[in-house]
Structure formats: structure tokens, C-alpha cells
Amino acid sequence: MSSLVIDSLGRPQRILLIGGTSEIGLAIVSSLSTATTEVVLAGRDAVRMAAAAGALADCSAGVQVFEMDVTDSSGSSKTLNEIFTREVDIAIIAAGALPVQAAALADARTARSALEVNGYGAAAALLTCHEQMRNQGHGRLVALSSIAAARPRPSNYIYGAGKAMLDFLCRGLVESPDPRVQVLLVRPGFVRTKMTAHMPAAPFATDPATVAASVAAWSNKSRGSQIMWVPAVLQHVARVMSLLPLALLRKLDR
Amino acid sequence: MSGLDVEKRKPSELTWQRFTGWGMTSPTVAREVQPTSTEEVIDAVLQGSRMLVRGLGRSYGDAAQCAGGLLLNLRQMTSLTWHDDGIVTVGAGMSVRDLINIATPQGWFVPVSPGTSWVSIGGAIAADVHGKNHHRDGSFGSHVLRIGIVDGNGRYCEIRPDDPRFWATVGGMGLTGAIVDATLQLIPVASAKMSVSTRRTQDFDDTVAQLQRADSSRYSVAWLDCLATGSACGRGVVTFGDHAPAGARSTRDLRMSSPVLAEPKVTVPRWSPSLLLNKHTVAMFNSVWHKRAPRSRDGEVQSISEFFHPLDAVAMWNRAYGGRGFVQYQFVVPDSAHEELRSIFLRLVKAQVPSFLTVLKRFGPGNSGFLSFPIAGWTLTVDIPTDVPDLMRLLDSMDQQVAAAGGRVYLAKDSRMPAQMLPQMYPRLDAWLQLRNQMDPRGVFASDLGRRLHLANAPRD
């Protein structure tokens with residue numbers, strides 16, 4: 001078994017992306033990866049991951065692909081254990097799905113599926129990676145939450161409920177840190193991706209490259225566990241939103 | 001207490017602490033214990049958690065870090081036994097500094113002294129450190145007669161130069177076991193002073209020629225101004241000398257002081273601003289340092305501290321680089337690779353890296369250490385803040401150039417070399433890996449450097 005640690009210039013040797021086709025996740029991997037970095041993609045869609053692996057070939061030392069469904073508790077735990085037989089410097093938890101709110105409300109199975117992926121599945125993956133990193137003695141964990149987790153909004157509270165579970169758990173890891181593992185909880189606002197292409201952009205919309213640059217800046221400076229809003233101004237927006245009367249929030253969310 | 005059971009120790013001793021190398025980069029956490037005897041070291045090894053001995057933390061990169069593991073601090077294992085003819089057996093936790101202070105008044109001196117005296121004897125062996133006398137006397141391991149080591153099976157072994165395990169341990173970066181004591185041959189000296197010659201040089205060729213001319217002296221070294229360009233490119237100050245004869249006294253200090261080595265005069269504060277050392281301040285320092293050196297002077301009497309350890313006068317000087325930390329890049333290329341040496345130096349000048357500690361030295365033949373750094377040739381050392389633009393690409397490319405020239409990068413300084421460069425630079429790596437696996441089959445001893453460079457892997461087919 002070989003073991004890996006991040007070098008003095010911030011260069012990781014092995015990065016894991018859970019949610020291996022996530023546009024934001026892949027942008028983060030690209031921004032952290034160098035010609036000597038091995039990349040591991042873990043996710044449900046092998047075909048799309050193979051395409052992503054091809055795109056990453058030039059900026060990495062090789063890409064491994066693992067089929068894994070975070071909602072399959074025992075399967076994903078087994079796969080993660082296999083991945084961690086070689087150490088992972090940085091793991092990014094980007095597994096998630098954005099359901100259409102109306103459809104999720106109309107069909108409990110759709111809602112449950114969204115809650116399982118965004119909430120339970122992502123949170124379980126986060127905890128497994130955290131445990132593996134504690135065992136290996138070092139590591140950096142990046143969890144992608146969302147501003148949707150800040151306050152239930154009529155348009156996306158089912159998605160937000162799942163993300164809130166991940167967010168709350170990850171906040172716990174940030175606020176009660178284990179010194180061996182640095183945790184970054186990322187709370188992006190509206191990010192322009194394929195997943196959101198059918199929606200009108202919200203104020204302070206950003207793109208995957210901007211989120212990735214913020215994560216890379218954190219990783220390169222190794223500032224320790226923290227919560228990061230992207231863009232940073234959203235921290236204040238979220239604070240204001242939490243104070244808004246419900247009636248006004250409903251109006252704004254139309 | 002008969003053994004070192006970390007679980008029974010006070011919780012305060014079991015808290016995770018943050019460690020970095022001297023370059024203050026890549027922090028990781030570990031628990032630290034201070035065994036007081038070989039038996040306690042054996043107990044710790046038998047418990048089998050990932051561990052490493054950390055000496056005085058002067059290796060620049062991650063060689064003395066063990067992420068998530070146990071660091072054995074041997075500062076309490078500093079026994080000293082005199083034998084005949086300048087032979088001493090010392091605890092691995094003793095510093096070169098303490099040994100100089102004890103031995104020099106009795107007419108003996110350490111055979112090899114690195115650029116700082118704050119180095120433990122165990123660390124000096126593990127990194128096979130060199131000094132200004134390498135071209136004549138070789139590195140530290142060449143003067144070690146016996147090593148007492150606790151291997152990965154928890155067995156105390158005495159290994160000598162006729163045993164391959166000895167040469168796997170000399171330069172083995174602490175990964176073959178916990179060095180707990182060693183027997184060394186010291187060299188006789190007639191005074192506690194140095195007789196020093198200085199030549200101020202005008203350019204790179206002049207520096208190289210003057211340093212070659214100084215080969216006949218026991219000690220020699222050149223400091224270079226790596227920011228000067230044009231006709232002054234490669235200008236520097238060459239100093240060489242030997243221990244002064246009996247009766248010699250410094251012109252500045254007429255008293256034979258005790259202890260021999262001076263205490264630091266100032267300490268750089270913990271929160272030193274990063275901007276203190278930038279291209280402009282370092283260029284100014286380099287220029288002043290060059291101009292204040294005599295054009296040519298012989299027979300100046302200097303103290304041991306002044307000659308061997310000038311930077312020890314400033315405690316925690318590494319903090320001057322601020323929170324960003326720095327990389328020290330040291331490589332050696334064979335004598336024949338003179339043009340590569342010039343080419344690499346010119347690349348550093350072109351990149352205008354703000355290094356105030358750029359040092360060129362001559363190496364004599366290497367020893368039998370499997371991972372020992374020195375080979376006959378030229379070694380250049382440069383300090384580079386980590387925020388120099390495009391530093392990763394510059395150093396990666398310099399690695400390639402060094403390896404292609406038959407040279408190598410010093411592991412005790414390294415914090416960023418890609419692992420795939422190692423087999424080319426250290427052709428006896430596989431043999432070392434075999435020996436390491438034999439001495440530590442369970443992989444108890446581990447460092448961040450070892451993990452980064454895959455030194456804990458099984459030998460390749």
C-alpha cells in the first residue's frame with residue numbers, strides 16, 4: 001500500500017470526487033489536480049464518468065473510476081473502503097440531485113429519492129471519508145452544500161432539506177474539528193450548470209470555475225476547517241433571508 | 001514506570017500537536033512522547049502504531065513529521081561515554097551543539113558540523129548530514145563506528161559499517177528504526193577557534209574557480225548573490241579555513257569562552273510579516289553582504305559559531321519568511337556537470353527568487369549509504385518562499401535537469417519532489433527498500449516524506 005500526503009506547494013497526490021459527474025465537483029478536481037495527481041471518480045453513471053475521466057486525463061496522472069451509489073449504504077461503504085486502501089489527500093462530496101419541487105411534492109418516492117441522495121447518502125459518504133482520513137492521519141474534506149439549506153424556500157425546500165442534513169452534519173465536523181482532518185463546508189448560491197440550466201438564474205449566480213477557485217485557494221493555504229459561501233456576499237444575504245418575514249419571502253420566491 | 005504505555009499517560013501528553021519542518025510548510029498533526037530509555041522506545045515500537053523519531057526539527061520539509069502517528073522525542077536520551085582516542089558513545093537525542101560544547105574544551109571536535117548546531121546526533125545520522133569539509137572528510141555517517149537502533153520488531157540492535165543495515169540507516173531518514181545511541185570518532189583540535197580566509201568574487205566563474213582552489217583547505221564554502229544580474233551574476237564570497245593552532249585567539253573575543261558556542265543574539269518573533277523577505281530587501285541584503293566582505297583576507301581568527309553556524313545567531317530565523325513558509329532546494333550534480341550547474345543557477349537568477357542563503361559547496365566522494373545524498377561534485381542550496389510565482393513548475397523542471405545530469409535532490413531538505421523522480425536520483429533505492437522491509441517488516445516507522453515519496457512501498461519488481 002502506498003501512502004500519500006500533500007506537499008509544501010499544496011500539490012495533492014490523490015483526489016477523490018464522490019458524485020463523479022458533478023460539474024462543480026469536476027471543476028474543483030481540475031483546479032486542484034496537477035500532472036502528478038491521481039484522480040478517483042466515484043458515482044452512478046459510468047458512461048458519463050468515463051467521459052469526465054477523458055477530460056481530466058491531461059491535467060492528472062491518471063483517473064480511476066468506481067461505480068457507486070451513495071444511497072446504497074453497504075455498497076458505497078464497501079467501495080469507499082476499497083478506494084481508501086490507498087490514501088486520499090482530498091475528498092470532495094458532490095453527490096446530489098436537484099428534483100423538480102412540484103414533482104417531488106406530487107410523488108413521495110421522488111421526494112424520498114432526493115432526500116436520500118442529497119441528505120443521507122452524501123452525509124454517510126462524508127462520515128465514511130472522515131473516518132478513513134482520521135485513520136490515515138491526514139486529509140482534507142470538501143462538502144458541497146447549498147444556500148438552499150439556509151432557509152426553506154417554497155421553490156426548493158425538498159432539495160434544501162436534503163442539503164440541510166449534509167450541511168448540519170458537516171458544520172458539526174467544522175465546529176468540533178478533529179485536528180487530523182480539515183473540513184471545508186462550501187455553500188454556493190445559484191451555480192450555472194446543466195442541473196440548473198432549466199431555471200432562471202438567481203441573484204449572485206456564479207459558475208463552477210468560481211466555486212473551484214475558492215476551494216483551491218482554501219486548500220493551498222491550508223487554513224483549517226471552515227464554512228465558505230460562494231460568492232462570499234451570500235453569507236450576509238442568507239442572514240437577511242433568515243430574518244425576512246415569511247410573506248415577503250414567498251413573494252420574492254415567486 | 002517500566003514501559004512507555006501511551007494510553008496510560010496523562011491526556012495532556014496525548015493531545016494532537018501540529019508539526020512542520022523548518023520551512024514551515026505542510027503541517028500535519030501527531031502525538032509526541034518523550035521516552036527516557038531504550039526500553040521505553042522498545043515498548044513504544046511493540047505497541048505498533050505508526051511512528052517516527054523527531055530530533056530538533058531542522059529538516060526543512062516533512063522528513064520529521066508523521067501525520068496521525070506518534071513522534072518519539074529523544075531529548076532526554078543524551079548520555080555520553082568517553083572511550084579512548086576521541087571516541088564517544090552518545091545518546092541519539094544529544095545535539096551537535098552540546099557535543100561541541102562538551103568535547104571542544106577537551107581538545108576534540110565533531111567530525112562533521114552542518115550549517116546549524118541544533119541538530120540531534122540521531123538526526124545527523126538519519127540525514128547523513130554534511131558540512132564544509134565534505135570534499136575532504138565525507139559526511140557524518142563516515143565517522144560513525146556503531147549505531148544502536150530499535151528496529152521495527154522492537155529489537156535493539158548494534159550495527160556497524162560492515163553491516164548493510166548500517167548503511168540503510170545512514171541517510172535512511174529515520175525509516176529503518178529508532179536510532180537511540182551511536183559511537184562516533186571525533187577529530188582532535190588544538191583550539192576553539194578557526195583560522196579563516198575570505199575571497200570576494202566577481203561573477204559565477206570567479207566563484208567556482210575560487211571554490212575549486214579552496215579544495216586544499218579542510219573547510220570551504222561559497223555564498224552567492226542569486227539576485228545580482230549582468231556582469232555581477234554569480235558574484236559571492238568564498239570562505240575557507242581550518243581549526244586554528246593552539247594559542248590562537250579571536251581578535252574580538254580574547255577570552256576562551258565556555259560554552260564554546262554562542263547563544264542566539266536575537267529571536268525572530270512568531271508573527272513575522274511575510275513581506276520582510278522580498279526581492280528588494282534580499283537584493284539589498286545580498287549587496288551589502290557582498291560589499292562588506294574583504295576582497296581577499298587570510299588568517300582571520302573566528303569563533304566556531306561564526307564560522308560554522310552563522311545563522312544560529314538568529315533564533316527561529318525561519319519565521320522571517322512569514323506564514324507562507326519556504327522551500328529549501330538543495331541538489332548535487334557530478335563534477336562533470338559544471339554547465340548544468342551554471343544553467344540551473346542562471347534559471348534561479350532569472351526567476352529572481354529572493355534567497356539570502358544561496359550556498360555552493362564542493363563534495364568529495366559519497367559513502368556507502370543507500371540513500372545518502374552526497375556524491376562527488378557541486379552542491380547548490382537555495383531558499384525560496386513558497387509564493388514565488390510558478391515555483392512548482394520551476395522546481396519540477398530543475399529536478400529533471402538535476403536527474404539527467406546524474407545528480408539528486410537532498411531528502412532532508414525536500415518537501416515537494418514528485419515521487420517518480422526518486423529512483424532515477426537514488427539508483428540504490430530498491431536495495432534500500434529491501435533492507436527497510438527486513439528491518440521494519442510491519443511498517444511501524446513512517447514519515448510524511450516517506451509517504452509522499454513512497455519510501456514505505458514494497459520494492460518494485
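Is Phe356(B) buried or exposed, and what is its relative accessible area? Phe356(B) is buried, at a relative accessible area of 13%. (Buried means under 20%, exposed over 50%, partly exposed in between, with a 1.4 Å probe and protein chains only.)

The model is predicted: local features need pLDDT of at least 70, side-chain atom pairs need 80 or more, and totals for chains, interfaces and linings use all residues. Residues count from 1 along each chain as written, chains are lettered from A and ligands numbered from 1 in written order, and side-chain values use heavy atoms, without hydrogens and water.

**View 1. Phe285(B) and Phe356(B) form an edge-to-face pair.** Their ring centres are 5.7 Å apart and their planes stand at 80°. (Rings of Phe, Tyr and Trp, the last by its six-membered ring, pair with centres within 6.5 Å; planes under 30 degrees apart are stacked, over 60 edge-to-face, the rest tilted.) Phe285(B) is partly exposed, at 34%. Both rings belong to one aromatic cluster, whose members include Trp289(B) and Tyr321(B).

**View 2. Tyr329(B) and Phe331(B) form a tilted pair.** The centres lie 5.9 Å apart, with the planes at 50°. Both residues are buried.

**View 3. The charged end of Arg362(B) sits over the ring of Trp378(B).** The distance to the ring centre is 4.4 Å. (The rule takes NZ of Lys or CZ of Arg within 6 Å of the ring centre and within 35 degrees of the ring normal.) Arg31(B) lies over the face of Trp16(B), 5.6 Å from the ring centre.
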